[in-house]
Amino acid sequence: MDIKSYSAVELRDLILKKQVSVKEVVSLCLDRIDETEDKIDALLYIDREGALKKAEEMDKQGPDPDKLLYGIPVVIKDVLTTKGMPSTCASKMLKNFIPFYDAEVVRRIKEHGGIILAKSNMDEFAMGSSTENSAFKITKNPWDLERVPGGSSGGSAASTAACQSPISIGTDTGGSIRQPAAFCGVVGLKPTYGRVSRFGLIAYGSSLDQAGPICRSVKDAALVLSVIAGKDKKDSTSSPRPVEDYLAKMKEFKNLQGITIGLPEEDWKEGLDPDIEKRSQDFFKLLKSLGANLVPISLPHTKYAIATYYIIVMAEASSNLARYDGVRYGYRAKDANELIDMYVKTRSEGFGPEVQRRIILGTYVLSAGYYDAYYRKAAQVRRLIREDFLNSFDKCDLILTPVSPIVPFKIGEKVEDPLQMYLSDIFTTPLNLSGLPGMSMPIGIGDEVKVPVGIQFIAPPFREDLIFGSCNVIEQEIGKLPEPFGL
Amino acid sequence: MKISKEQVKNIAYLARLELDEQSVELFSKQLSQILEYMEKLSEIDTKDISPLYSPIDHSTPYREDQVHQEYKREEVLQNAPEEDGEHYIVPKVVS
């Protein structure tokens, strides 16, 4: 069988019907890794033996229809802890860190019969938009090996696009699932803040971080969310709201009749890459032909989102990353003769430049005398940004924006200018600030640069069902992308 | 907002980081540029806006204060750079 053409939903069906064994599925994914990994460098750790052994055990026991991911190999971003398996955050600081517990997301995936196949590359501590900030390797875009896969979940997105496994897990603090998903031509969902437990998600911006699925179909994303969502007593910010049966609800959507989609005039006016502009215009027509009603809306504070986001995320990062002190885990510098000296050397040697830049800026905006002008001010604007969205949902069911104003750039092209890199997060960061769910899905291939173009659907809090239902209809209409051109 | 090289060094030290001269120079330039961009926020009047620190909308009550052991001492110590089976070992604190 050609593993590339199967979704997780389809593979699970075949496994339950005993038309394919779990071991075959795992072996085919490992073969696919062998075929593609040299080209894309998406993975930091591959658990060949562990995955095959688990598959054999599961085949011996026989399939369990109650387990939603039964026998499905999953790639996990290396920012999520995996028991007994390295979890490095692509940082020298955690190079040898082997956690003794699973992140709640990972625990749930295992509980539902998912098999942890590999850990994926990322920007160090999830800080970046290109996966070039990894301390270990640079992941390439499977569509064009000279270009970045996006970031920070670039390893997960590239891996899934290359069909190394049907699904992967990414995390999103300011767009780190949605932007790489768009760059690599796959589906990526950032759930509502609080929908998925952050326990074991190594913290970057705690009021912004969410883990979510990266898949090759909307259905698979819905399947994964129904496994990983829900209250966890180990994360007090996880929501007690019941989790919907997303796959069942999806069946209620036959077309987009009666669905109103808001187009923020600020986001669609200018400055978009011509390929993105063109594919999006085609897409608006498609939406109308499916019965959707498109209306203009206004999000007047979006233009402040980048400044607001970077103040808040750097402040939270400087505080969260204070824990790396060379005492309890992680890297420790040698030859320090007293404690402070050990802290300073450990942190200066263990963190890469982008991480240091953000810690220093975060420390600055939180310092006495600047706290009110920066951090408090940003938190106030954060409320205005959220209110813009909530008010807009009086006029529409979903909001549609680009994912990124730019197409995947060449590796090395933007590393010298951090501010330029930050500015490309304009359409994704407002959702993290507001806590809203958003999904990026591919809508075609560019004419100038032959890589996928994505688009972002945004829903009110906890209405992921609305995104899945609508996007599944759209996906049926658009059809599948071809196989990535770079492989 | 201009951030001088001296300021960069001081803030870095508050965060227990030490930069080489080249990085101090580069960071001073980059951080000034980034903070200048952030000045944008001063355009907005936020006088009566209460800050939003977290987007959650549910309450977070305390759970029962019950003692239970989730992890073993060996597990917790296994990633330590230096330990003696019971404690974390650090270089001397008072020089």
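Tutor: Ground rules come before the details. This is a predicted model: local features need pLDDT of at least 70, side-chain atom pairs count only at pLDDT 80 or more, and totals for chains, interfaces and linings use all residues. Residues are numbered from 1 along each chain as its sequence is written, chains are lettered from A and ligands numbered from 1 in the order in which they are written, and side-chain values use heavy atoms, with hydrogens and water left out.

Student: Fine. What volume does the largest pocket have?

Tutor: About 650 Å³. On a 1 Å grid over the protein atoms alone, a pocket is an open set of points with protein on both sides within 12 Å along at least five of seven lines, while a cavity is a set where a 1.4 Å probe fits but cannot get out; lining residues have an atom within 4 Å of a point. A volume is the space filled by probe spheres set on the points, which are joined across faces, edges and corners.

Student: Which residues lie nearest its centre?

Tutor: R216(A), S217(A), E475(A), K480(A) and L481(A), out of 32 lining residues. The lining divides into 15 nonpolar, 8 polar and 9 charged. Here Ala, Val, Leu, Ile, Met, Phe, Trp, Tyr, Cys and Pro count as nonpolar, Asp, Glu, Lys and Arg as charged, and the others, Gly among them, as polar.

Student: Which element gives the largest share of that lining?

Tutor: Helix 17 of chain A, with 4 residues. Helices (H or I, at least four residues) and strands (E, at least two) are DSSP runs, numbered from the N terminus.

Student: And the second largest pocket, which residues are nearest its centre?

Tutor: G352(A), P353(A), E354(A), R357(A) and F27(B). This pocket has a volume of about 500 Å³ and 29 lining residues. The largest share, 6 residues, is from helix 13 of chain A.

Student: How many cavities of 30 Å³ or more are there?

Tutor: The search of the whole structure finds 4. The largest cavity has a volume of about 120 Å³. It is lined by 15 residues, and G128(A), S129(A), S176(A), Y309(A) and D425(A) are the closest to its centre. Its lining has 4 nonpolar, 9 polar and 2 charged residues.

Student: Switching to backbone. Where is the cis peptide bond?

Tutor: From G151(A) to S152(A), with omega near 10°. S152(A) is in the loop between strand 3 (115-120) and helix 5 of chain A.

Student: What about A90(A): buried or exposed?

Tutor: A90(A) is buried, at 0% relative accessible area. Buried means under 20%, exposed over 50%, partly exposed in between (1.4 Å probe, protein chains only). Phi of A90(A) is near 50°, a positive value in a residue other than glycine. The residue sits in the loop between strand 2 (73-77) and helix 4 (104-111) of chain A.

Student: And R16(B), what is its phi?

Tutor: Near 55°, again positive in a residue other than glycine. R16(B) is partly exposed, with a relative accessible area of 25%. Its loop runs between helix 1 (5-14) and helix 2 of chain B.
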